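Let's walk through this one together, starting with a pair of packed helices and moving on to the charged side chains. Have the model open as you read.

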Amino acid sequence: TISRLGMGDFLGEMALVDGLPRNVSAMAEPDATVIGINKDNFQNAICDPTSIPYRIIVGLVHQMNQLHHEIARLGNSEGTSEGTLSESNATEVTDSEAEPIMAGQEQSDNPSPVSEDAGTNPVISGVGNLFPEGHKKYNQVAASSYNDYLISSHSTCPVCGNIFEAKKLYQSKMKFQMMDHDFRKHYADFEPTWYSIWVCPKCYYANFYTDYNEIPPYKKQVIIAKMDELKKQFSFQFSEPRTIDQVFEAFYLAMVCAELAHASSLKIGKIWLQLSWLYHDVQDEEMFRIASAQALKGYYDVVYKTGEKLSVGQAQQCFLLLGELYLLQGNEKEALRHFYTAIKKEDGREAFNQQAEDRIHDIRIEKMNF
């Protein structure tokens, strides 16, 4: 056995280019649905960036790049210690020369947080640790002014049926200021990301409040069982006012629930993206880059691997986000490619077309000035 493939993966792709037979065979372990691609329909669909053939080409390029980096790493490893190699690999994945472009705003009475180790890191069987390596405690508290933009509401947990008090946003009071290129909205005297996630205080089911009831019925018992395991190691409850550490905990609980429910890559990418905003706000550069890289992986999987059904507008947003996330990694070439792909003149949203064109212009001007 050389490898095991899953949904969205492909094999035999080189035969589309060189016409030679494969040197390995494949068998389906469970029942599987596959799509056959021949040279004719490969070439007919090659210009559509959302098509399967286009994704195959991107996948090939990605694999070749990975091979290139691996060969380069092995070539540079002579005479270096194991510890140095590990450190180098971590930098290759998460480091970037580009400055972060996602600006946060002060949302605490403590503008200069002091980070400390997060302490115990609960382990969930089949899932792993609750927090990623490098996550810390940041000791910030929500500003008292936040209460002016919140409404107390009662919600029923769709997993265990518990009725609990939740916080909704007082939309008509919120004063919009600006939106970042990655679609983060900023408001005067309030940070809504602190209240994006609802958590049931009884079973710890967590999700975005806008999606809170979207849970497959057959996944409820799985979530209850895994959260019972987690509760033996970890206690969670929002305080009044809540802290940034509780907000991080809520997001990672939502991540676990999303994985247990086999949520879409779109949901996983969204969670990581908002986590990157929070890490940016607490000035944790290392975790900001890690979360941004995970967000990139989530949105990359959406458009190139999982085959999720997207509207034209959703696809444009994904390509725009990929462009911004590639910029954070210092990869201008991939950023430009995704900004160009986001432009859909016939059926796309004009606002997204304009945003993509503006970002292409910004990159060109920056390169000229440099």
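Start with helix α7 (residues 265-281) and helix α8 (residues 285-304), which pack at an angle of about 160° with their axes 8 Å apart. Here helices are DSSP runs of H or I with at least four residues, numbered from the N terminus, while axes are lines fitted to C-alpha atoms over the stretch in contact, with angles running from 0 to 180 degrees between N-to-C directions. Angles over 145 degrees count as roughly antiparallel, so α7 and α8 get that label. Their crossing is left-handed, meaning that the near helix is turned anticlockwise from the far one by less than a right angle.

Who does the touching? On the α7 side the contact (heavy atoms within 4.5 Å) includes Leu-266, Trp-272, Leu-273 and Tyr-279; on the α8 side, Met-287, Phe-288, Ala-291 and Tyr-299 are among the residues involved. Sorted by class, the α7 and α8 contact has 11 nonpolar, 7 polar and 2 charged residues. In this sorting, Ala, Val, Leu, Ile, Met, Phe, Trp, Tyr, Cys and Pro are nonpolar, Asp, Glu, Lys and Arg are charged, and the others, Gly among them, are polar.

A word on the ground rules: this is a predicted model, so local features need pLDDT of at least 70 and side-chain atom pairs count only at pLDDT 80 or more, whereas totals for chains, interfaces and linings use all residues. Residues are numbered from 1 along each chain as its sequence is written, and side-chain values use heavy atoms, with hydrogens and water left out.

Now for the charges. The structure holds 13 salt bridges, each being a side-chain nitrogen of Lys or Arg within 4 Å of a carboxyl oxygen of Asp or Glu. One of them joins Glu-324 to Arg-359, with the closest N and O atoms 2.7 Å apart. That pair links distant parts of the chain, 35 residues apart: Glu-324 sits in helix α9 (residues 312-328) and Arg-359 in helix α11 (residues 350-369). Is Glu-324 buried or exposed? At 2% relative accessibility, Glu-324 is buried, and Arg-359 is buried as well at 7% (buried is under 20% relative accessible area, exposed over 50%, partly exposed in between, using a 1.4 Å probe and protein chains only).

Arg-359 also meets Asp-362 in a salt bridge at 3.0 Å, N to O. Both lie in α11, 3 residues apart, about one turn of the helix, and Asp-362 is partly exposed at 32%.

Conventions
Helices (H or I, at least four residues) and strands (E, at least two) are DSSP runs, numbered from the N terminus. Angles under 35 degrees count as roughly parallel, over 145 as roughly antiparallel, 65 to 115 as roughly perpendicular and the rest as oblique.
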